[in-house]
Amino acid sequence: MRILLSNDDGIAAPGLAALRATAADLGEVTVVAPDSPQSAAGHGITVRRSLTVRTAPLAAVGDAPPGEGLSVDGRPADCVRLAARHLMDAMPQLVLSGINAGANVGVNVFYSGTVAAAAEGAMLGIPAVAVSAEVADGEVDFARAGRLARWALERLVAIGLRAGEIVNVNIPAGPGRPRGLRVVRQSTAEIEDVYHLERGADGASRYRLGPDYRFIGHIDDDVTCLYEGYVTVTPLHVDMTSHARLADLAAADWGDPPT
Ligand code: MN
């Protein structure tokens, strides 16, 4: 299996190394990742300048030997687009993204560069899995997260991944064994966070998003199940159409457009 591995924390991130080790014997892994941290880059791509691609050494980790990856001075979605279209000899058969340092549950899937890298794979018709790990006390145990990612990935591959789907996997903070795995819907509740007002000497008002945030969940969604200590699996798709609303709006009387 040809696997493309990317992330949003950058090519030097320990989470990328952990996922590379995890995927080492699942197939041939090509690493193409941003050259700098791109968390919360969402699905941005670079349009006003060219992208520079450089080779980057990858240290041996777990079952993965030392190797070389490619860094791109762009966004996670840039990496996957460029890799699939130009940098790889053939289209990848699986896109992996992560392991992100921080959960990507609830509406955070819209802000997440980790999920965006996977979504870009899905847009190209490739099955994609995003893996993120909950932070506890500012830390992620990536060895543990890697083992759990491996377990979930093996199951996903056995169940069968579909072209164009994004499977969003989140790993609860440790220590120890998670309570289990839940396949659950994405929470749509707002993230609880705070903008702090900073008054500059120049009189300008500046607002800085504080580092502390909390996802809000409801029963049986990704946020709640992750906080309860489960590995969560949420299948996502690129089609943002509200199929529930489509027929209603299509049936409404829209009249004739003005000239
Ligand atoms: Mn990140």
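Predicted model: local features only at pLDDT ≥ 70, side-chain atom pairs only at ≥ 80, totals over all residues.

User: At what angle do the axes of H2 and H4 cross?

Analyst: Angles under 35 degrees count as roughly parallel. The axes of helix H2 (residues 76–87) and helix H4 (residues 113–123) cross at roughly 25° and come within 8 Å, which makes H2 roughly parallel to H4. The crossing of H2 past H4 is right-handed.

User: Which residues of H2 and H4 meet?

Analyst: A general point on helices comes before the list. An α-helix has 3.6 residues a turn, so residues three or four places apart point the same way. On the H2 side the residues are Pro76, Ala77, Val80 and Arg81, and they meet Gly113, Ala117, Glu120 and Gly121 in H4. By class, this contact has 4 nonpolar, 2 polar and 2 charged residues.

User: Which residues of H2 are buried, and what covers them?

Analyst: Buried means under 20% relative accessible area. In H2 the buried residues are Pro76, Ala77, Asp78, Cys79, Val80, Leu82, Ala83 and Ala84. Their cover includes H4 together with strand E1 (2–6), strand E2 (28–34), strand E3 (53–58), strand E4 (67–72) and strand E5 (94–101).

User: What does H2 span between its end C-alpha atoms?

Analyst: The reference is a straight helix of 12 residues, which would span 16 Å at 1.5 Å a residue. H2 spans only 14 Å between its end C-alpha atoms.

User: How do H1 and H5 pack?

Analyst: Helix H1 (residues 14–23) and helix H5 (residues 142–159) have axes 9 Å apart and an angle of about 40°. H1 and H5 are therefore oblique to each other. H1 passes H5 in a right-handed crossing. Pro14, Gly15, Ala18, Leu19 and Thr22 in H1 meet Phe142, Gly146, Ala149, Arg150 and Leu153 in H5. The residues of this contact divide into 6 nonpolar, 3 polar and 1 charged.

User: Is Glu165 buried or exposed?

Analyst: The cut-off for buried is under 20% relative accessible area. Glu165 has a relative accessible area of 18%, so Glu165 is buried. This residue lies in strand E7 (residues 165–171).

User: Which residues is Glu165 in contact with, leaving aside its neighbours within four places in sequence?

Analyst: With those neighbours left aside, Glu165 is in contact with Ala122, Ile126, Pro127, Ala128, Gly160 and Leu236. As for Val32, 133 residues apart from Glu165 along the chain, the two C-alpha atoms are separated by 20 Å.

Terms used:
Residues numbered from 1 in each chain as written. Heavy atoms only, no water. Axes fitted to C-alpha atoms, helices over the stretch in contact; angles between N-to-C directions. Helix = DSSP H or I, 4+ residues; strand = E, 2+ residues; numbered from the N terminus. Parallel < 35°, antiparallel > 145°, perpendicular 65-115°, else oblique. Left-handed = near helix turned anticlockwise from the far one by under 90°. Contact = heavy atoms within 4.5 Å. Nonpolar A, V, L, I, M, F, W, Y, C, P; charged D, E, K, R; others polar. Expected span 1.5 Å × (residues − 1). Buried < 20%, exposed > 50% of the residue type's maximum accessible area, 1.4 Å probe, protein only.
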